[in-house]
Amino acid sequence: MSARPALDAVVFDAGGTLVRLDFEWIAGMLAGLGVGADADAVRRGEIAGRRGFDAAIAAGADATGAGAPGVGTVAPILAYWGDMLLAAGCPRARLDEALR
C-alpha cells in the first residue's frame, strides 16, 4: 500500500450543508416586528441575499464603501441579510430593526 499524500487543506461547504438557515425562525422574528413574511418568502428571499453578497464582494467595498477587500468585511454580510429580508417583504423602514 502506498502512502497517502499530505493534505494541504480541508474544505467544508457551510451553506446548506453544515449550516442551515432557520427560515421559520426568521419569519417569526419578522412577524414580531409586524412584517408578514412566511418561511417560504424568506427562503425565496435568500436568493436575493446571495446576489447582494456576491455584488458586495465583487465591488470590494467595506462597510464605508472605502474599497477595502470585501471578504471578511461587514458590507457583504449586511448586503446578504439586508437583501434577503427586503426580498422577503421587510419594508426598508424596518430593515435596521430586523437586522439587529
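Predicted model: local features only at pLDDT ≥ 70, side-chain atom pairs only at ≥ 80, totals over all residues.
Reader: Is Glu46 buried or exposed?
Author: Glu46 sits in helix H2, which spans residues 39-59. Its relative accessibility is 8%. Buried means under 20%, so Glu46 counts as buried.

Reader: Which residue's side chain makes a polar contact with the side chain of Glu46?
Author: Leave aside the neighbours within four places in sequence, and Glu46 is in contact with Leu21, Phe23, Tyr80 and Met84. A polar contact of 2.6 Å joins the side chain of Glu46 to that of Tyr80.

Reader: How many residues of the lining of the largest pocket are charged?
Author: The largest pocket holds about 200 Å³ of space. Glu46 and Tyr80 are among the residues that line it, as are Ala14, Gly15, Gly16, Val19, Arg20, Leu21, Phe23 and Arg50. The lining divides into 5 nonpolar and 2 polar residues, and the charged ones number 3.

Reader: What is the arrangement of the Tyr80 and Trp81 rings?
Author: A search of the whole structure finds 1 aromatic pair. The ring centres of Tyr80 and Trp81 are 5.3 Å apart, and the planes stand at 90 degrees. Planes over 60 degrees apart count as edge-to-face. The pair of Tyr80 and Trp81 is therefore edge-to-face.

Terms used. Residues numbered from 1 in each chain as written. Heavy atoms only, no water. Helix = DSSP H or I, 4+ residues; strand = E, 2+ residues; numbered from the N terminus. Buried < 20%, exposed > 50% of the residue type's maximum accessible area, 1.4 Å probe, protein only. Polar contact = N/O pair within 3.5 Å; in protein donor to acceptor, adjacent residues only side chain to side chain. Contact = heavy atoms within 4.5 Å. 1 Å grid on protein atoms, 1.4 Å probe; cavity = no way out; pocket = protein on both sides within 12 Å on 5 of 7 lines; lining within 4 Å. Points joined across faces, edges and corners; volume = space filled by probe spheres on them. Nonpolar A, V, L, I, M, F, W, Y, C, P; charged D, E, K, R; others polar. Phe/Tyr/Trp six-rings, centres within 6.5 Å; stacked < 30°, edge-to-face > 60°.
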